[in-house]
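Here are a few friendly notes to read alongside the model.

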Amino acid sequence: MVNITINHKKLQVKEGTTILEAASIAGIKIPTLCYLKDINEIGACRVCVVELKGKDMLVSSCNTKVEEGMEVITNSEKVQHARRMNVAFILSKHNTNCTSCTRSGNCSLQEVANTLNIGRLPYKRSYEQKTWNREFPLIRNAGKCIKCMRCVQVCEKIQTLGIWDLVNTGKRTSVDVSGNRKIENADCAVCGQCVTHCPVGALHERDDCAKLMDAIHNPDKIVVVQIAPAVRAAWGEGIGLPKQMATEKRMAAAVRALGADYVFDTNFSADLTIMEEGSELIERLQHPDDYQWPMFTSCCPGWVRFLKSQYPDMTPNLSTAKSPQQMFGAVTKSYYAQILDVDPSRIFCASIMPCMAKKAECDLPVMNDAGAGQDVDLALTTREFDRIIKAEMLIPALLPEEEFDMPLGVGSGAAVIFGATGGVMEAALRTASYVLEGHNPDPDAFSVARGMDGIKEAEVEIAGVKVKAAIAHGLGNARKLIEKCRSGEAEYHFVEVMACPGGCAGGGGQPIRDGVEMADVRGQQLYELDRNNPIRFSHENPSVIQAYKDYFEKPLSHKSHELLHTDHDAWKMPGEVR
């Protein structure tokens with residue numbers, strides 16, 4: 001232990017503790033902008049500076065470790081002046097048109113500037129301006145970048161893709177796509193982790209809110225909206241709605257209040273995905289010599305983009321099953337159009353997702369199997385959903401709860417946990433066990449798949465067959481797992497990968513709470529919904545059973561392959577060998 005004094009307050013902290021951490025332990029707040037624990041501790045912004053007794057120079061508290069007898073002052077005149085000047089300088093290089101920024105009211109720079117009572121800027125204003133492909137799902141506004149390096153570090157250390165890097169030198173130093181590339185030509189997974197870790201509005205998703213409202217106001221369109229499992233665990237955060245009120249039924253009511261014609265639960269197609277993907281796993285296990293191993297899940301488009309760009313030779317390992325979003329779109333413009341007895345081209349299928357990569361996925365040229373344009377016309381993030389609610393002056397707290405529409409509004413507990421890391425694996429094993437053994441297992445028999453460990457491994461026995469499984473979340477962990485497979489260090493039958501840490505619950509399209517990781521909390525909420533669901537197995541979903549009876553016949557049927565499966569080799573990532 002080390003004895004130190006902070007603002008005349010004596011305390012003991014562990015050796016190796018930073019001044020910033022020690023101050024937090026003492027209940028003393030030091031403002032930060034660029035700091036992310038264990039990821040970005042470079043003191044770039046100089047907002048966390050403090051004064052040390054006996055030292056002339058101020059030091060950054062985020063990366064200065066305590067020493068025995070150290071005396072720290074966090075709020076001296078010298079410190080406060082330096083902070084204000086540093087923040088004022090950052091503001092002078094920042095496009096401060098806050099009223100039109102997606103992060104207004106939830107911006108760390110805005111908060112720090114207000115806290116420090118910065119009323120005027122003593123420096124001349126100028127900020128970087130650069131063109132950007134506005135059609136790409138990920139948008140960068142150079143004029144709002146504060147060069148904190150968070151995006152660079154998150155993409156490099158957590159996702160191992162290195163999409164961002166410092167460019168130029170001296171006062172022209174900036175952040176841009178690495179390798180002098182344009183974003184559309186980079187191997188970006190569009191996971192959105194750079195967005196959720198950006199302290200300002202320099203990075204954000206392509207805003208498609210107006211496209212949804214245009215479709216809603218078009219009398220010739222039948223607007224069908226699907227809502228993903230993880231959205232229900234987060235949508236209330238962005239509008240200040242407490243957990244007990246931010247229910248899935250109130251969420252459905254809010255979408256209906258926006259003017260959508262039909263509101264469905266993506267849990268329906270998550271159950272459909274388990275039927276198809278689980279059946280595919282069983283088929284592979286029964287004919288092991290016909291396939292490359294392990295079989296990878298294909299629900300996460302960020303992960304699919306990663307695999308195709310980094311390990312294209314392993315693309316055949318991906319399950320051919322589409323993601324729940326894309327299955328739902330194909331079902332909507334085929335089976336459901338038949339139920340409604342309408343021309344499929346009149347249906348406008350929109351999705352609300354915790355994910356930015358879903359925008360890229362629904363735009364893929366191969367995702368049009370229903371023959372009525374793109375199967376999913378539009379994907380919105382949870383953040384965009386919250387913005388639309390605000391823009392349309394809705395007050396969800398005053399809306400009575402409403403059920404999802406039928407028949408595509410039924411989802412099992414197994415489908416709900418798709419939103420948590422390990423959930424797809426657990427749901428698939430529940431149904432695979434039923435198919436192979438002829439009876440349902442305990443719904444929680446495969447809870448080994450749960451938890452926030454970056455890589456989880458398990459071996460389960462189903463009907464005498466040993467299935468070796470692994471789960472990874474975060475693309476850096478996915479890379480480690482793949483390298484183990486390629487080196488022969490590990491062998492698996494079934495591997496689930498989610499691009500975002502914590503899975504969809506921590507998705508790049510979820511509400512942002514700077515410095516706070518919410519994936520575990522949201523994931524626990526999804527497991528709670530699973531426990532309370534009267535249906536906990538995908539194969540017991542009555543709407544899925546009816547869909548097979550009326551339209552798809554059975555999993556892996558000709559029609560199922562036509563509409564619910566895809567060829568991952570039919571489209572290419574930038575740089576992928578053609």
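1. Asn117 follows α3 and has a positive phi, near 60 degrees. Please keep in mind that this is a predicted model.

2. Now step back into helix α3 itself, which spans residues 108-115. Its buried residues are Ser108, Leu109, Val112 and Ala113. Viewed down the axis of α3, these buried residues fall within an arc of 130 degrees, so they line one face of the helix. What do they pack against? The partner is α2 (77-92). Asn114 and Thr115, on the other side of α3, are exposed.

3. The largest nonpolar core has 126 residues, and the members touching the most others are Leu138, Trp164 and Trp303. Helix α7 (residues 248-258) gives this core its largest share, 6 residues. There is also a second, separate core of 29 residues, with Phe264, Phe268, Met275 and Ala547 among them.

4. Leu138 deserves a click. Beyond its neighbours within four places in sequence, Leu138 is in contact with residues including Trp132, Trp164, Ile183, Cys188, Cys194 and Met356.

5. Finally, have a look at His473 in strand β16 (residues 465-473). Is His473 buried or exposed? With a relative accessibility of 5%, His473 counts as buried, because the cut-off for that is under 20%. A polar atom of the His473 side chain lies 2.9 Å from the backbone oxygen of Asp453, and one lies 3.2 Å from the backbone oxygen of Met452. Not counting residues up to four places away in sequence, His473 also touches Thr421, Gly454, Met498 and Cys500, among others.

How values were computed: Residues numbered from 1 in each chain as written. Predicted model: local features only at pLDDT ≥ 70, side-chain atom pairs only at ≥ 80, totals over all residues. Heavy atoms only, no water. Core = buried A, V, L, I, M, F, W, Y, C linked by side-chain atoms within 4.5 Å. Buried < 20%, exposed > 50% of the residue type's maximum accessible area, 1.4 Å probe, protein only. Helix = DSSP H or I, 4+ residues; strand = E, 2+ residues; numbered from the N terminus. Contact = heavy atoms within 4.5 Å. Arc of directions from axis to C-beta. Polar contact = N/O pair within 3.5 Å; in protein donor to acceptor, adjacent residues only side chain to side chain.
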